[in-house]
Amino acid sequence: LGAGPAGLPEGVRFRLIDPGTWLFIGATVTVTCLLAGWYPARTLSSFLPVITLRGQGSQQLNSKGYLRRGLIVFQFDVSLIFIIGTIMMGRQIRYMINTDLGFKKDAIVTIRLPGGPGNQRAVLATEISRLTGVRQVSISSNSPGARGHNGTVLENRGATYVRIDAGYDYIDTSFMSLYGLTLIAGRNFFPADTVRWGSSPADGYRAFIINETAAKALGFSRPADAVGHRVSSALGGIIGPVLGVVKDFHSTSLRDKIEPFFFTYQNGAGGLLSVKLAGADLSSGTIKGILGRMQVLFAKTYPKEQFNSRFFDESIARLYERERQTSQMMNLAMAIAIFISCIGLFGLAVFSANQRTKEIGIRKVLGASVPQIASLLSREFAVLVALSTLIAAPLASWGMHQWLQDFAYRATMPWWIYLVAGVAAMLIALLTVSFQSIRAAMANPVESLRTE
């Protein structure tokens with residue numbers, strides 16, 4: 001395991017130059033080859049020479065087909081588990097990206113600002129707001145769906161004392177409208193709501209906007225009941241009124257439940273500049289031009305700093321990068337599993353057709369058509385795939401249920417996923433064996449009977 005950003009583990013590293021890696025690969029190939037050759041060799045060596053020379057060895061081999069069929073069922077079990085898992089992971093990823101997060105994320109560009117005097121940030125924000133194609137700007141400590149927010153406590157010192165843990169951000173008066181957060185009670189911040197400090201913490205003043213979850217946790221039965229009520233935080237121990245209650249939004253990813261959260265007003269505080277563009281339908285050339293002009297203004301304000309901008313919807317998508325990578329790995333594993341299953345199924349189809357050569361010839365002589373014979377040869381494989389579906393469906397359901405437990409908000413697992421997976425496996429199986437089945441059905445019955 002390597003160390004990633006902020007000391008987080010990167011995960012397992014695969015190094016081709018490591019001798020241990022090649023030793024493991026070599027041992028795996030050797031053991032696989034030995035096991036693959038052991039069973040056929042053991043089976044063939046058990047035949048009596050007299051029986052084999054009479055041509056009856058194939059019949060003896062055919063009577064011991066349970067292992068072959070069991071391997072086919074196992075291979076398709078694995079394939080079906082991967083198919084169901086891939087469909088379910090795709091649903092969960094689409095659900096996380098497309099679900100209503102409680103705020104708007106389109107046509108917003110975020111720019112990280114370096115430390116320094118707050119007036120520099122305000123000047124840059126004002127100049128960018130005057131650009132053509134820019135609708136609104138805001139300075140805050142973070143965006144609504146950031147990876148990490150500040151944390152502190154909120155206290156309701158009313159008739160019943162309540163103390164809760166809560167996340168928070170510093171915002172300005174434009175933040176709420178820029179991100180489309182919905183106030184369900186009270187009002188937004190005004191410039192006069194800035195922090196005032198007195199000679200003691202009791203003289204300090206700070207206004208708050210809290211979310212619905214925080215209002216309930218503080219003991220208010222209705223959001224409107226919290227408006228005007230004075231609460232205190234650990235931000236200097238100062239006390240101030242709740243100006244408004246905002247509708248719950250996802251301040252983190254959908255892996256976590258919505259927790260108590262609040263905003264407090266401090267003009268120019270924070271290192272994030274959010275820029276709302278004039279529309280989401282702007283051409284790529286227009287957006288590129290706007291970003292170029294932003295970069296010029298940024299360089300004038302911070303000549304020694306690097307301009308770093310990102311579209312907000314891309315930042316939200318990055319929250320689920322791990323799930324995307326897992327889904328890609330599942331797609332690759334599914335393709336490999338299906339390919340291996342098809343190879344095994346094709347081999348079994350060839351073997352079955354060869355064992356039933358005389359039967360096929362007799363049926364054709366008696367008037368059986370090509371579709372009837374092809375259906376006869378494919379019926380066994382359809383039964384094996386159906387059996388695989390019955391076994392794989394509950395296993396995949398249990399596995400995906402365990403995976404979804406990592407998400408506080410998750411997509412449903414409808415019944416049609418298992419039907420789609422089963423139908424897909426059936427079509428794959430029939431396409432795999434259809435060539436050999438049709439070929440055997442179209443063979444000349446004279447040649448088929450002559451082989452005996």
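Tutor: Start with V123, which lies in helix α5, residues 118-129. Keep in mind that the model is predicted.

Student: Why is V123 called partly exposed?

Tutor: Its relative accessibility is 43%. Buried needs under 20% and exposed needs over 50%. V123 falls in between, so it counts as partly exposed.

Student: What makes L113 buried?

Tutor: L113 has 9% relative accessibility. The cut-off is under 20%, so L113 counts as buried. L113 lies in the loop between β3 and α5.

Student: What surrounds L113, leaving aside its neighbours within four places in sequence?

Tutor: L113 is in contact with R121, L124, G271, L272, L273, F298 and Y302. There is also a distance to E305: 8.9 Å, C-alpha to C-alpha, across 192 residues of sequence.

Student: F298 and Y302 are both in that list. Why is their ring pair called tilted?

Tutor: The centres are 5.3 Å apart, and a pair needs them within 6.5 Å. The planes meet at 40°. Stacked needs under 30 degrees and edge-to-face over 60, so this pair is tilted.

Student: Are F298 and Y302 buried or exposed?

Tutor: Buried. F298 has a relative accessible area of 2%, and Y302 has 5% relative accessibility. Each value is under 20%, so each residue counts as buried.

Student: Which cores does the protein have?

Tutor: The largest nonpolar core has 57 residues. F103, Y179, L181, F189 and F263 have the most contacts inside it. Helix α4 gives the most to this core, with 10 residues. A second, separate core has 21 residues, among them L113, V275, L277 and F298.

Student: What is F103 in contact with, beyond its neighbours within four places in sequence?

Tutor: P144, G145, Y179, G180, L181, F249, H250, F312 and I316.

Student: How many aromatic pairs are there in the whole structure?

Tutor: The search finds 15. Take F103 and F312: their ring centres are 5.7 Å apart and their planes are at 45°. That angle lies between 30 and 60 degrees, so the pair is tilted.

Student: What makes the F103 and F312 pair a tie between parts of the chain?

Tutor: F103 lies in the loop between α4 and β3, and F312 lies in helix α10. The parts are 209 residues apart in sequence, so the pair ties them together. Both residues are buried.

Student: How do you know that the charged end of R187 sits over the ring of F190?

Tutor: That charged end is 4.1 Å from the ring centre. The distance limit is 6 Å, and an angle limit of 35 degrees from the ring normal applies too. R187 is listed as sitting over the ring of F190.

Student: What span is expected for α13, and what does it reach?

Tutor: α13 has 35 residues, and 51 Å is expected at 1.5 Å a residue. The helix reaches 48 Å from first C-alpha to last, close to that value. α13 also bends by about 35° at S378.

Key:
Residues numbered from 1 in each chain as written. Predicted model: local features only at pLDDT ≥ 70, side-chain atom pairs only at ≥ 80, totals over all residues. Heavy atoms only, no water. Core = buried A, V, L, I, M, F, W, Y, C linked by side-chain atoms within 4.5 Å. Buried < 20%, exposed > 50% of the residue type's maximum accessible area, 1.4 Å probe, protein only. Helix = DSSP H or I, 4+ residues; strand = E, 2+ residues; numbered from the N terminus. Contact = heavy atoms within 4.5 Å. Expected span 1.5 Å × (residues − 1). Bend = angle between axes of the 7 residues up to and from the residue. Phe/Tyr/Trp six-rings, centres within 6.5 Å; stacked < 30°, edge-to-face > 60°.
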